[in-house]
Amino acid sequence: MATTSTPPVEHRPTASQITLRVNGAAHRLTVDHRTTVLDALREHLGLIGAKKGCDHGQCGACTVLIDGHRINSCLTLAVAADGAQITTVEGLSDGEQPHPLQRAFLDHDGFQCGYCTPGQLCSAIGVLAEAADGHPSHVTPLPGTGSGAPPPGSPVPLTSSEIRERMSGNLCRCGAYTNIVDAIEEVAP
Amino acid sequence: MRPFGYVRADDVETAIATVATEPDARFLGGGTNLVDLMKLGVERPGLLVDVSRLPLTGIDPVGDGKLRIGANVRNSDLAAHPLIRARYPVLSQALLAGASGQLRNAATTGGNLLQRTRCLYFQDVSKPCNKRAPGSGCPAREGIHRDLAVLGHSEHCVATNPSDLAVALAALDASVVLRGPDGERTVAATAFHRLPADLPERDTVIAHDELLTAVELPAPPPGRSAYRKARDRASYAFALASVAAVLDVQGGTVREVRLAFGGLAHKPWRATVAEQALLGAPATEESFRHAADAELAAARPLRDNGFKVPLARNLAVRVLASLADANHMPQLGS
Ligand SMILES: Cc1cc2nc3c(=O)[nH]c(=O)nc-3n(C[C@H](O)[C@H](O)[C@H](O)COP(=O)(O)OP(=O)(O)OC[C@H]3O[C@@H](n4cnc5c(N)ncnc54)[C@H](O)[C@@H]3O)c2cc1C
Ligand code: SF4
Ligand code: FES
Ligand code: FES
């Protein structure tokens, strides 16, 4: 890993050796600095679950969890994620046993072509954790407003309007939205 | 994309010194705007100095009721912080009205304030654009400008600033802390972003080698606050117009008011004319409408964005009216 004591720009390396811990396994790889986490996963590690929809943060198909937080892997440089723990859709199941959320997507027809699904699943895992941690959304009532506002820091109930707002960063060209919301609602506490 | 060097900064001083000696170095925060612009060829840095791991992550009281927010506090964490939720609801609401859950998890406070305009010509290197290529012209003025400015634009640029956070900070009289090789300075949020005038390439007053280290919020003003944003879809879209407001009403009279518009100008537009008109006036819809109209009288809409003027006016009236309705909004500082 380069540090701030390295030489002037024209002599600086444009690639670095990094470690990504993906679904529990550590991978040592050399990446051109232009490589995003999405491209590192797909091109270097052969994990093609995370999808490239727009490559500009506009669709959510590339969503993975980095150190437990959902992010758009197309806008995250791999070198900047050196040392991070990454969970992709390939890491959600317990062996052959699908994650309850994957089961719910199947049961509710939460997809059609399936292209957006890995991103939807990783994003929904993030939503469940954020709501459990008491993170508000745009539709969460403010504290002190009476109208069913959860006390600050306590878990936010995932109503369908909460799920819709929180999942707005994941587009679905097939329009499976209502079934996706149903699937997440089933798994939400 | 041009190949580039990358260093992860270990401390603030080295990060600043590194960028100071290299004209084509850039600070990297969450990367959600910078990496996007690098893919588009709009930004072509030779070196990224990653400041996202610097320990600028506190949200700390610093006396006199002030709160200091480190530049690396993620947008999602800032919006969720109990002190922000309770005392500065306008700030939490503004952040949560922006981008998506994924983007807010990555985006930093500093990066958010320094994100560039979403003007389509700025993002398209095959087109002229005074902001990207000074002197090349402004095709937006006669071209696609539905999302662009109605206030404070110049013949050189009609872009809008896309940050929702910046609008709330303008209404809260926040300030921005900048650290350069020669020390630190504090700039009022309202003076941080600038109007385009004849220098559209400069969005803000920050220098190349200055690191945004913190945002300071003064003690919450009396009254209640709220943010409201109008956009083309209900979520995950930039503002066509937005309003951040703080209002204190005593005995039916406006005692204190702060109003800022987003989506209308090259910077968050602090509505001082409207504020003057409202101080001491009865807290009625009629006063709110009159005040908003007085502010927006300065608007010079382009061919396709005239709708923003009544949109902004109506948003302001609705937000102020809802704040005046004491029973429905939380008291600041409660
Ligand atoms: C699809 C999409 C929708 C979006 N919708 C919205 C929206 O509705 N509302 C909204 O407000 N935003 C929206 N955004 C923008 C988003 O909020 C910004 O991209 C984000 O806040 C930038 O923060 P960052 O940390 O990722 O910055 P970066 O991309 O890392 O940096 C942005 C700029 O700031 C500079 N910089 C970063 N940190 C510092 C520092 N500490 N000191 C000095 N310079 C620094 C960088 O050099 C760069 O020039 C959207 C973005 C996308 C992709
Ligand atoms: S409005 Fe500004 S950013 Fe857009 S094309 Fe004109 S000069 Fe460029
Ligand atoms: S591919 Fe990353 S958001 Fe579309
Ligand atoms: S299932 Fe086809 S894009 Fe969502």
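These legends walk through several close-up views of a predicted model.

**View 1. Ligand 1 sits between two chains.** Welcome to the ligand site: here ligand 1 lies between chains A and B. Around ligand 1 there are 32 residues, and the closest are Phe27(B), Thr32(B), Leu34(B), Thr108(B) and Asp164(B). By type, the residues of this shell divide into 13 nonpolar, 15 polar and four charged.

**View 2. Polar atoms of chain B meet ligand 1.** Let us look at some individual contacts with ligand 1. Thr108(B) has a polar side-chain atom 2.7 Å from an oxygen atom of ligand 1. Pro162(B) takes part through its backbone, with an N or O atom 3.3 Å from an oxygen atom of the ligand. At Asp164(B), a polar side-chain atom lies 2.7 Å from a nitrogen atom of ligand 1. Taken alone, ligand 1 exposes 980 Å², and the protein buries 95% of that.

**View 3. Two helices of chain B cross.** Here we turn to a pair of helices. Helix H5 (residues 89–96) and helix H8 (residues 164–171) of chain B have axes that come within 8 Å and cross at roughly 165°. Because of that angle, H5(B) is roughly antiparallel to H8(B). The crossing of H5(B) and H8(B) is right-handed.

Notes:
Residues numbered from 1 in each chain as written. Chains lettered and ligands numbered in written order. Predicted model: local features only at pLDDT ≥ 70, side-chain atom pairs only at ≥ 80, totals over all residues. Heavy atoms only, no water. Near = heavy atom within 4 Å. Polar contact = N/O pair within 3.5 Å; in protein donor to acceptor, adjacent residues only side chain to side chain. Areas by Shrake-Rupley, 256 points an atom, 1.4 Å probe, with all protein chains shown as cover. Nonpolar A, V, L, I, M, F, W, Y, C, P; charged D, E, K, R; others polar. Axes fitted to C-alpha atoms, helices over the stretch in contact; angles between N-to-C directions. Helix = DSSP H or I, 4+ residues; strand = E, 2+ residues; numbered from the N terminus. Parallel < 35°, antiparallel > 145°, perpendicular 65-115°, else oblique. Left-handed = near helix turned anticlockwise from the far one by under 90°.
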